[in-house]
Amino acid sequence: MTTTAPAADSRALALAHYAARGVLEQVLARHGVTFQQQVALRAAVTADAPQTPDDLVAQVRNSLKSDTAGIRATIDELLAARLLVADGPHLCATDAGHELLAVVGAETAPYTARIWSGIPAEDLAAAGRVLALVTERANAELVTLTG
């Protein structure tokens, strides 16, 4: 018996996102870290140049579309946990911050491998193109909504 896959739409995208995010959040919870904390810490670690707090807030806001006050609170939590440290006007991940991301990456790798296993490369390429277009259009709509 063959089944027809549903057409991609906002609901399908949301269900996939929250299912995958749920896996990550289970791993993060083992380490006492929230999803937003992980996103902010990863942004600091992967930035091409040292980030000021405002730079980091803007980067996380661009990724998560969350409120500035909440992101600043998250950065404060990372500083208090010594996963980030102030270095003059910049914020840098500490060794503990780098280690946390490495451990979380290693723990999520088997789940990620099983989730993505066996999906043909051409399907991944098509999905990537569609998701990039949806992201671009949604970001443009968000700009119009928020002025």
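I take buried to mean under 20% relative accessible area, exposed over 50%, and partly exposed in between (1.4 Å probe, protein chains only). I work on a predicted model, where local features need pLDDT of at least 70, side-chain atom pairs count only at pLDDT 80 or more, and totals for chains, interfaces and linings use all residues. Residues are numbered from 1 along each chain as its sequence is written, and side-chain values use heavy atoms, with hydrogens and water left out.

**Entry 1: salt bridges**

I looked up the salt bridges, each a side-chain nitrogen of Lys or Arg within 4 Å of a carboxyl oxygen of Asp or Glu. I found 3 salt bridges by this rule.

I began with E25 and R21, whose side chains form a salt bridge at 2.9 Å, N to O. Both sit in helix α1 (residues 10–30), 4 residues apart, so about one helical turn separates them. I name helices (H or I, at least four residues) and strands (E, at least two) as DSSP runs, numbered from the N terminus. Is E25 buried or partly exposed? E25 is partly exposed, at 31% relative accessibility. R21 is also partly exposed, at 25%.

Next I checked E107 and R30. Their closest N and O atoms are 3.2 Å apart, in a salt bridge. E107 belongs to helix α5 (residues 95–116) and R30 to helix α1, so this pair ties together parts 77 residues apart in sequence. E107 has a relative accessible area of 25% and is partly exposed. R30 is exposed, at 53%.

Then I turned to R72 and D54. This salt bridge has its closest N and O atoms 2.7 Å apart. R72 lies in helix α4 and D54 in helix α3 (residues 53–64), so the pair ties together parts 18 residues apart in sequence. R72 is partly exposed, with 36% relative accessible area.

**Entry 2**

Two packed helices are described by the angle and the distance between their axes. I used axes that are lines fitted to C-alpha atoms, for helices over the stretch in contact, with angles from 0 to 180 degrees between N-to-C directions.

How do helix α2 (residues 35–46) and helix α4 (residues 68–80) cross? Their axes come within 9 Å and cross at roughly 75°. The two are therefore roughly perpendicular (65 to 115 degrees; under 35 is roughly parallel, over 145 roughly antiparallel, the rest oblique).

I then listed the contacts (heavy atoms within 4.5 Å). Q36, Q37, A40 and L41 of α2 meet G70, I71, T74, E77 and L78 of α4. By class, this contact has 4 nonpolar, 4 polar and 1 charged residues. I count Ala, Val, Leu, Ile, Met, Phe, Trp, Tyr, Cys and Pro as nonpolar, Asp, Glu, Lys and Arg as charged, and the others, Gly among them, as polar.
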